[in-house]
Amino acid sequence: MRNKIKGGSIAALTAAALMTAACSSSGQIGGAAAGTSAPGAAGTSGGSKAPASGGGVPNTSIAPPTSAATSGGASGTTLSADQIGKLLLTDKDDPGYTYDASQDDPTTTSAQDVVKTGGAACQTFVDAEDGLTTKYGTTAEVNRQLHKASAGHVIQDSVLALPSADKAQALVADLTTGLQGCKSLTMTISGNSGTMAPAPVPQLMKAGQAGYINYLTVGGKTVLMAALLVQAGTAVSVVVLVGPVTNDKTALEQMGATLAHLSEIQVGRVKAAQGLH
């Protein structure tokens, strides 16, 4: 398993999880689409905690605005890595975050991250999250991390180019299927024992897109992720927010608003680059 930056992949989320857990503090995730600072616990030392693997159901109270990005099923041109790099989110899309374009990772994922527990549904979820080239034929992928160090928050951002709109649709459909059947899983993550407790967010589940939250625990550190994958022609846009654990309804609603806002920006760029409307 690589340890490079990957927008939706297990390796990248592990790096973000460890960084977030080490630097976590209370506050909202993202500021472009949210209003006031979100109340919530920092890390897992106090406040609301993530459910243990195989335990309770994660809080999915994320309620994005009705204008959340919608998928584009029409076929478009296949994007190159150079094109993708110009479509990713920047600090102008969410002020307060910083990034280094020289650290963008243009590599795709070919090796499967094998789940130890959770069964076939969880393996399907992980394969789709990784965008496996051996399964979906991913032709190009660029991944970026944007950081807000003072709050311990990270945006994991990526766009995957697939050989056809059908392949892009299949990736999102598999992620949806995996989410419906996978409640918790364990696997080795960057040499550490890791667990995930993913759950779909009903407001973000629709044709051509899948939104979910995931409590990711690595090396005893737990963080909350909120992810939205959207098909746009022959590509899939992936935006993942990683931050301190909270089950506070207001914080989760702000998280959902920010996630939907950033996804809408990126999906619009991806569609335009493919000549889609």
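This is a predicted model: local features need pLDDT of at least 70, side-chain atom pairs count only at pLDDT 80 or more; totals for chains, interfaces and linings use all residues.

Student: Why is the link of Cys122 and Cys182 called a disulfide?
Tutor: The term needs a pair of cysteine sulfur atoms within 2.5 Å. The sulfur atoms of Cys122 and Cys182 are 1.9 Å apart, so by that cut-off they form a disulfide. A search of the whole structure finds one disulfide.

Student: What makes the pair a tie between parts that are 60 residues apart in sequence?
Tutor: Cys122 sits in helix H3 (residues 119–130), while Cys182 is in the loop between H5 and strand E4 (185–189), so the bond joins those parts. Helices here are DSSP runs of H or I with at least four residues, strands are runs of E with at least two, and both are numbered from the N terminus. The link is right-handed, with 95° about the S-S bond.

Student: How do you know that Gln156 is buried?
Tutor: Buried means under 20% relative accessible area, exposed means over 50%, and partly exposed is in between, using a 1.4 Å probe and protein chains only. Gln156 has 0%, so it counts as buried. Val240, at 1%, is buried too. Both Cys122 and Cys182 also get that label.

Student: Where is Gln156, and what does its side chain touch?
Tutor: Gln156 is in strand E3 (residues 153–161). Its side chain is joined to that of Gln145 by a polar contact of 2.4 Å. A polar contact is a pair of N or O atoms within 3.5 Å; within protein, one must be able to donate a hydrogen and the other to accept it, and residues adjacent in sequence count only if both atoms are side-chain atoms.

Student: What makes E3 a strand that pairs with E8?
Tutor: Two strands pair if DSSP finds at least two bridges between them. E3 and E8 have eight bridges, in the antiparallel sense, so they qualify under that definition. In E8, Val240 is the bridge partner of Gln156. The C-alpha atoms of Val240 and Gln156 are separated by 4.9 Å, although these residues are 84 apart along the chain. E3 also pairs with strand E2 (residues 140–148), antiparallel over nine bridges.

Student: Why is E3 called mostly covered?
Tutor: Nine of its nine residues are buried. Both faces are covered: one side includes Ile155 and Val159, and the other includes Gln156 and Leu160.

Student: What makes you say the buried residues of H5 line one face?
Tutor: The buried residues of H5 include Ala168, Leu171, Val172 and Leu175. Seen down the axis, the buried residues fall within an arc of 165°, so they line one face of the helix. That arc is taken from the directions from the helix axis to the C-beta atoms. On the other side, Asp166 and Gln180 are exposed.

Notes. Residues are numbered from 1 along each chain as its sequence is written. Side-chain values use heavy atoms; hydrogens and water are left out.
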